Amino acid sequence: MRRRPPPPPSPLPQRDGIDAVRVRLPAAGGPWSTVREHLTERLSGAGAGVVDGMFDAGLIVGADGRAVPSDAPYEPGMFVWFHRELPAEVPVPFPLEVVYRDEHIVVADKPHFLATTPRGGHVTETALARLRRELGIPALGPAHRLDRLTAGLVLFTVRPEERGAYQGLFGDRRVRKEYEAVAPYDPALALPRTVRSRILKERGVLAAREIEGEPNAVSRVELLGHRPGPDLGLGRYRLVPATGQTHQLRVHMSALGVPILGDPLYPEVTAPVPAGDFRRPLQLLARELGFTDPVTGRQHRFCSGRSLGAWVAYEDWAGRQ
């Protein structure tokens, strides 16, 4: 099977750590006589007149970096680039720490509420965009992702040609990941234990769910400590996932009857909080990350310097305004 050649490099520099949007015109052609007609149809959700305005301002460019005229004829397979106009985002007011950096990788200690990569309404306020800006590494890319609400260690790659080797570590389960969580304490829950289930995450549905079938999610759950309090008090847990299903640890803790504190999805989906509400962060932390570097052969083991607020000072976490 003949492979499609890779797309040409972007002629536009990043803006605020965000790549320009690349659009490839359908090779099969269509009813469009000009590039403008195709983009107007393709980007109809942007609003009336937006595409025309971008053409008039010379914001849509071809592979040579020159502005594409609004009457440029449609060319099947042609690439064009442009920057999206992004709405203002509420800054996440917590530091993003770099715990390790060399010529191949960057390991960051991500705060709660900061998305790993651009998605939906979180674009410039993401770990990737921040690190690209702060470290001056435009080619920086993620080797994996951490939920926006989860804090802790995330691995990024410096060189695009090496990204696949590091992503393969996670795909092949050659990374040891250890998490820490704060959840209710249940003296009747026998721990440690290994939880196995089949988890399904459907597109467009916020919460994942367990279903019948061959297990695809495996988590080790251990109790690190118990603190008396209202009801039966709190537990501090070590969670070691052997697989990487979406929301796996959150689903498993909820299924055990000890949902992680601050979880807006499990056991029940709650109403979304307003933008800028950083109270009661999810008490889940990616504490440790260990692997053999596939490029250098070095043995790496990193540990987050963060702590979970509900364990350190529960009243402050619960009553934060």
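1. Basis. Residues are numbered from 1 along each chain as its sequence is written, and side-chain values use heavy atoms, with hydrogens and water left out. In this predicted model, local features need pLDDT of at least 70 and side-chain atom pairs count only at pLDDT 80 or more, whereas totals for chains, interfaces and linings use all residues.

2. Cavity. There is one cavity of 30 Å³ or more (on a 1 Å grid over the protein atoms alone, a set of points where a 1.4 Å probe fits but cannot get out; lining residues have an atom within 4 Å of a point). The largest cavity has a volume of about 40 Å³, a volume being the space filled by probe spheres set on the points, which are joined across faces, edges and corners.

3. Lining. Among the residues that line the largest cavity are His 144, Lys 177, Tyr 179 and Glu 288. Strand β12 (284-292) and strand β7 (176-184) each supply at least two lining residues (strands are DSSP runs of E, at least two residues, numbered from the N terminus).

4. Salt bridges. The structure holds 19 salt bridges (a side-chain nitrogen of Lys or Arg within 4 Å of a carboxyl oxygen of Asp or Glu). One of them joins Glu 180 and Arg 236 at 3.0 Å, N to O; Glu 180 lies in β7 and Arg 236 in β11, 56 residues apart. Glu 180 is buried at 7% relative accessibility, while Arg 236 is partly exposed at 25% (buried means under 20% relative accessible area, exposed over 50%, partly exposed in between; 1.4 Å probe, protein chains only).

5. Network. Salt bridges link Arg 176, Glu 178, Arg 220, Glu 222 and Arg 238 in a network.

Methods:
1 Å grid on protein atoms, 1.4 Å probe; cavity = no way out; pocket = protein on both sides within 12 Å on 5 of 7 lines; lining within 4 Å. Helix = DSSP H or I, 4+ residues; strand = E, 2+ residues; numbered from the N terminus.
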